[in-house]
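Here is a quick briefing to read alongside the chain on your screen. Take a moment to turn the model around before you start on the notes.

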Amino acid sequence: MKKDYEKNVQVLKAIGEINRIKILELLSTGEKCACVILESFNFTQPTLSHHMKVLIDCNIVTLRKEGKWSYYKINKDVADEMLCFFGVSIKEKNKDCTEEK
């Protein structure tokens, strides 16, 4: 498997902020509307939009619009790639993350 270090660094930079980690934790249980995410934080909608844009730009989160509502979820492919990157790079030097599961 070819490692895309630049992409991994983008994701790490994006998630290297406490509120974004908390957002990902919320999204770990499934897709959420922006309004539901916002209820869990003590900041404004524009601040949430900024955080979500950073997460979307690195592709760790995807956006689905339905009318005036925005729904976010973790991009499982990118999340799996990151976990695999760390699994190969740190813990399991012999693991082949290109295997089909």
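**The chain as a whole**

Take the contacts in the chain between residues at least 6 apart in sequence: 53% of them join residues at least 24 apart, where contact means heavy atoms within 4.5 Å. Keep in mind that this is a predicted model, in which local features need pLDDT of at least 70 and side-chain atom pairs count only at pLDDT 80 or more, while totals for chains, interfaces and linings use all residues. Residues are numbered from 1 along each chain as its sequence is written, and side-chain values use heavy atoms, with hydrogens and water left out.

**Overall build**

- The chain has 5 helices and 3 strands; these are DSSP runs numbered from the N terminus, with helices being H or I of at least four residues and strands being E of at least two.
- Starting at the N terminus, the order of elements is α-α-β-α-α-β-β-α.
- Of the 101 residues in the chain, 34% are buried; buried means under 20% relative accessible area, exposed means over 50%, and partly exposed is in between (1.4 Å probe, protein chains only).
- The accessible surface comes to about 7100 Å², and carbon and sulfur atoms account for 53% of that. Such areas come from the Shrake-Rupley method with a 1.4 Å probe, and for residues only the protein chains shown count as cover.

**The nonpolar core**

- In soluble globular proteins, nonpolar side chains tend to be buried together.
- Here, the largest nonpolar core has 20 residues, and Ile 23, Leu 27, Ile 37 and Met 52 are among those with the most contacts inside it. A nonpolar core is a set of buried Ala, Val, Leu, Ile, Met, Phe, Trp, Tyr and Cys residues joined through side-chain atoms within 4.5 Å.
- Which residues does Ile 37 touch, not counting residues up to four places away in sequence? They are Ile 23, Leu 26, Leu 27, Lys 32, Leu 48, Met 52 and Tyr 72.

**Where H2 meets H4**

- H2 and H4 pack with their axes 10 Å apart, at an angle of about 75 degrees. Axes are lines fitted to C-alpha atoms, for helices over the stretch in contact, and angles run from 0 to 180 degrees between N-to-C directions.
- That makes the two helices, H2 and H4, roughly perpendicular, a label for angles of 65 to 115 degrees.
- On the H2 side, the residues include Ile 23, Leu 24 and Leu 27, and they meet H4 residues including Leu 48, Met 52 and Leu 55.

**Lys 32 and Tyr 71**

- Lys 32 is found in strand E1, residues 32-33, and Tyr 71 is in strand E3.
- They are 39 residues apart in sequence, but 5.4 Å apart in space, C-alpha to C-alpha.
- Is Lys 32 buried or exposed? Lys 32 is buried, with a relative accessible area of 17%.
- Leaving aside neighbours within four places in sequence, Lys 32 contacts Leu 26, Leu 27, Ile 37, Ser 70, Tyr 71 and Tyr 72.

**Two more spots to look up**

- Lys 65 lies in strand E2, residues 61-66, and is exposed, with a relative accessible area of 59%.
- Most residues other than glycine have a negative phi. Asn 59 has a positive phi of about 75 degrees, although it is not a glycine.
- You'll find Asn 59 in the loop between H4 and E2, where Asn 59 is partly exposed at 37% relative accessible area.

Technical notes: Parallel < 35°, antiparallel > 145°, perpendicular 65-115°, else oblique.
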